[in-house]
Every structure is written in C-alpha cells, then in structure tokens.
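Let's take a walk through a protein together, one piece at a time. Keep the picture beside you as you read.

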Amino acid sequence: MGINIVDHKIELSSELEPGDDDIKNVITAMIRSTRLTDSPKVKSIFFETYEEMAKELMSKISNEAVERFRVSDVTITHRVGQIPLGEYAFLVSVSARRIDDAFSACKFIVEEINSELPIWKYEIKDGVNGQE
C-alpha cells in the first residue's frame, strides 16, 4: 500500500507498476488532472493540506477499502503545491483478483477522499489567487 502526498509530477509509470503479489489480476485506477476552467485567466491550481492529518485519513480509507472489497493493494497519491492545468493532481489505484472488487474499492476511495480529505485548492489567475 502506498499513501503519498507529493510536491512533484505524478509519474504514472511508477505509480501503476505491477508488484510481485500473486493475488493481483486486475489493477483499476482513477487519475484526476487539474481541469480547465471557463476563465482563460486561470493558469494553475494551488493545492494545500495538513499533510499528517491527510495521510492518516488516506490510510484509514485505504485500510477500510481492503477490508470491505477484498483487494490486495491500494495506492493513493495526491499532489500539493502549484499544478499547471492539465497535469495530474490525484491518483488512486487498486489491485484485486476480481474486476468488480477493484472498481468498487476504487469508487469507494475516490468518494471518501472527495468528501473527507482536508485539502484546499486555489485558482491562480494572472497573479490573483481565488480560493475554491
């Protein structure tokens, strides 16, 4: 299991690398990038969090997913700092024997992270910041 808060680009090749676990048959992932906005003035999104609290909550959610959905491995990575539009900000990957378990666990994790994670984002607009 990997719980990560990073301040650099999320590299998919390393994040989705298959492991040695023979229980893996399926790897399901959800990857979110910073989205384009209606305002052409927005250049990037700035994410910040209380890292210790965020990692603790991410770990709790990950452990619950493992227990509930019969998955063998979970990775959750969230990027912080200033992220240009279109770059990856958040990744969840789940390994399991069965595709239904992997998809269900991935969906559960994403929904829990979206509603519970203490993370804030601000739009960076040509030198002016706006909290979302």
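What follows is a tour of strands, helices and a few of the contacts between them.

Before we set off, please remember that this is a predicted model. Four of them form an open sheet, in the order 1-4-6-2, with mixed pairing. Strand 1 (2-6) and strand 2 (26-33) are the edge strands, each pairing on one side only. As you step from one strand to the next, the twist averages 5°.

Now look inside that order, at strand 4 and strand 6. Strand 4 covers residues 71-79 and strand 6 covers residues 88-96; the two run antiparallel and are joined by seven bridges. To find one of these pairings in the picture, look for Asp 73, whose bridge partner in strand 6 is Ser 95.

Strand 3 (residues 42-49) has pairings too, so let's visit it next. Which strands does strand 3 pair with? One is strand 7 (residues 119-125), which runs antiparallel to strand 3 and is joined to it by seven bridges. Here Phe 46 has Tyr 122 of strand 7 as its bridge partner. Another is strand 5 (residues 81-84), again in the antiparallel sense, over four bridges. On that side, Ser 44 stands opposite Pro 84 of strand 5.

Time for the helices. Helix 3 lies across strand 2, strand 4 and strand 6, and runs at about 145° to strand 6. Helix 3 also meets helix 2: the axes of helix 2 (residues 51-69) and helix 3 (residues 99-116) come within 10 Å and cross at roughly 155°. An angle over 145 degrees counts as roughly antiparallel, and therefore that is how helix 2 and helix 3 lie to each other. The crossing of helix 2 past helix 3 is right-handed.

What makes this contact? From helix 2 come residues including Leu 57, Met 58, Ile 61, Glu 64 and Arg 68, while helix 3 brings, among others, Ala 105, Phe 108, Ile 109 and Glu 112.

Arg 68 and Glu 64 form a salt bridge, with their closest N and O atoms 3.4 Å apart. How many salt bridges does the structure hold? There are nine of them.

Terms used
Residues are numbered from 1 along each chain as its sequence is written. This is a predicted model: local features need pLDDT of at least 70, side-chain atom pairs count only at pLDDT 80 or more; totals for chains, interfaces and linings use all residues. Side-chain values use heavy atoms; hydrogens and water are left out. Axes are lines fitted to C-alpha atoms, for helices over the stretch in contact, and angles run from 0 to 180 degrees between N-to-C directions. Angles under 35 degrees count as roughly parallel, over 145 as roughly antiparallel, 65 to 115 as roughly perpendicular and the rest as oblique. A crossing is left-handed if the near helix is turned anticlockwise from the far one by less than a right angle, and right-handed if clockwise. Contact means heavy atoms within 4.5 Å. Two strands pair if DSSP finds at least two bridges between them. A salt bridge is a side-chain nitrogen of Lys or Arg within 4 Å of a carboxyl oxygen of Asp or Glu.
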